[in-house]
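Subject: Handover of a structure and notes on its geometry

Dear colleague,

Please find below the structure that I am handing over to you. My notes on it follow directly after.

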Amino acid sequence: MADLLSVDAARAAVLAAVAPLPSQDVPLDEALGRVLRGDVVARGDVPPFRNSAMDGFAVTAGAAGRSLRIVGESRAGAPAAVGLREGEAVRISTGAAVPDGADAVIMVEHTSVDGDTVTVHDQADTGRNVRGAGDDLRRGTVAIAAGTTLGPAALGVAATAGHATVPCARRPRVALLATGDELVPIGETLPPGGIHDSNAVALGGYVARAGGIVVSRARVQDTAEATRAAVEAALAGADVLISTGGVSVGEHDHVKAALGAAGVQETFWRVALRPGKPTWFGTRGDQLVFGLPGNPVSAMVTFLLFARPALLALQGAPALVPRETAVLTTAVPRHAVRDELIRVTLDGDRATPTGPQGSHVMTSMLAADGLALVPMGDGELPAGAEIGFERL
């Protein structure tokens, strides 16, 4: 087992091989979920002018009880045509420009109107209910930092900062290969010994969540010829190839040889990890290739540990989820020579395994909030022990 890489060493090797993808200008209405590759800088003050936070009257600062002459109106998109002098008021709507000479806005509820005269029943302190120009953003300041994954709020900020497009990383193009004679398309009747091809669906979902695009999917029979052909076809149009199954040492495991024949250089094979020991990683130029185990939980766990960070790094996003600590609520066995990733639910600082942790038990992922690392060793990790985890 001396040749097994640690999880951290394997991750470092993956990230060292990443060459970030080029950026492209993306219209805001197409940029949701994309990773920003350059700072978004405010092209002007936001808001661009002093405006009212309330419906009411723009007035000069002063005490309550004054009666003022109404000399105009300022509406959203239609500023008042006049400035304001002592003894005057301008009717104003929320968001409308505060006229020159006004110091405050008094809510309409605190006034009474008689013809062209308004009586102010509240004190007007300077700045009351007035939003200053640049209160949110000043011209030239960074509104959104590079590396941000753009959510709806970020798109709104980019728009108000004056941008119709934003520079984003190109989405990684991902090819998925699922190997195994036993695999049957979803929805078809299972023959004796057959299983539905769940890995392609689950990993496709994870790829999308990490910002990638699945450009091809293929099921591959366990023959050397079929595997070589599938690998060549997948590499032809992808930045990242992810295969499941066929990377161990069995008689019908052909993926490693097929990758070598396609010119993919091995970076590592086998990690001190359970589930996921036979994980393989290599490169062909800037292309990244992951050979993940075929067991469904092993495939998902190793994707989250190794492939997801690579997809994020390709886009210039933070690659790794911060590690946190929690307290185990129940004892868990330890593996003598491999660290184990268990699926846990989290309740505050308490972590509870989701149930049976076999690499075939897909339902162990359903309620999981995080992956907790049980360090290799003898015996068990007792209830109450501190354990490191990464949120899903």
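**Strand pairing**

Strand 8 and strand 9 are paired in the antiparallel sense over 4 bridges. Two strands are taken to pair if DSSP finds at least two bridges between them; helices (H or I, at least four residues) and strands (E, at least two) are DSSP runs, numbered from the N terminus. The model is a predicted one, in which local features need pLDDT of at least 70 and side-chain atom pairs count only at pLDDT 80 or more, while totals for chains, interfaces and linings use all residues. Residues are numbered from 1 along each chain as its sequence is written, and side-chain values use heavy atoms, with hydrogens and water left out.

An open sheet of 6 strands has the order 7-4-6-5-9-8, with mixed pairing. Strand 7 (104-107) and strand 8 (111-114) are at its edges with a single partner strand each, so one side of each has no neighbour in the sheet. From one strand to the next, the twist averages 40°; axes here are lines fitted to C-alpha atoms, for helices over the stretch in contact, and angles run from 0 to 180 degrees between N-to-C directions.

Strand 22 (residues 323-328) has pairings of both senses. With strand 28 (residues 386-391) it runs antiparallel, joined by 5 bridges, and E324 stands opposite F389 in strand 28. With strand 25 (residues 350-353) strand 22 runs parallel, joined by 2 bridges, and V327 stands opposite R350 in strand 25. In general, strands of a sheet pair through backbone hydrogen bonds, either parallel or antiparallel.

**Aromatic rings and charges**

Rings of Phe, Tyr and Trp (its six-membered ring) pair if their centres lie within 6.5 Å; planes under 30 degrees apart count as stacked, over 60 as edge-to-face and the rest as tilted. By this rule the count is 4 aromatic pairs. F268 and F281 have ring centres 5.7 Å apart and planes at 35°, so this pair is tilted. The two residues belong to distant parts of the chain, 13 residues apart: F268 is in strand 18 (residues 265-269) and F281 in strand 20 (residues 280-284).

F281 also forms a tilted aromatic pair with F290, at 4.9 Å centre to centre and 45° between the planes. F268, F281, F290 and F306 make up one aromatic cluster. Are F268, F281 and F290 buried or exposed? Buried means under 20% relative accessible area and exposed over 50%, with partly exposed in between (1.4 Å probe, protein chains only). F268 has a relative accessible area of 5% and is buried, F281 is buried at 0%, and F290 counts as buried at 1%.

W269 has two charged ends over its ring: that of K256, 3.2 Å from the ring centre, and that of R270, 5.2 Å from the ring centre. A charge sits over a ring if NZ of Lys or CZ of Arg is within 6 Å of the ring centre and within 35 degrees of the ring normal.

**Backbone features in loops**

R270 also has a phi near 85°, a positive value in a residue other than glycine. R270 lies in the loop between strand 18 and strand 19. N129 likewise is a residue other than glycine with a positive phi, near 60°. The loop that holds N129 runs between strand 9 (117-120) and strand 10 (130-131), and N129 is buried, with a relative accessible area of 18%.

Which peptide bonds are cis, with omega near -5° and near 0°? The bond from V46 to P47 is cis with omega near -5°, and the bond from R274 to P275 is cis with omega near 0°. P47 is placed in the loop between strand 2 (40-41) and strand 3 (51-52). P275 is in the loop between strand 19 (273-274) and strand 20.

**Surroundings of A262**

A262 is found in the loop between helix 5 (255-261) and strand 18, and it is buried at a relative accessible area of 7%. Leaving aside residues up to four places away in sequence, A262 touches V231, E232, L235 and R284, where contact means heavy atoms within 4.5 Å. A262 and R284 are 22 residues apart along the chain, and their C-alpha atoms are separated by 8.5 Å.

With kind regards
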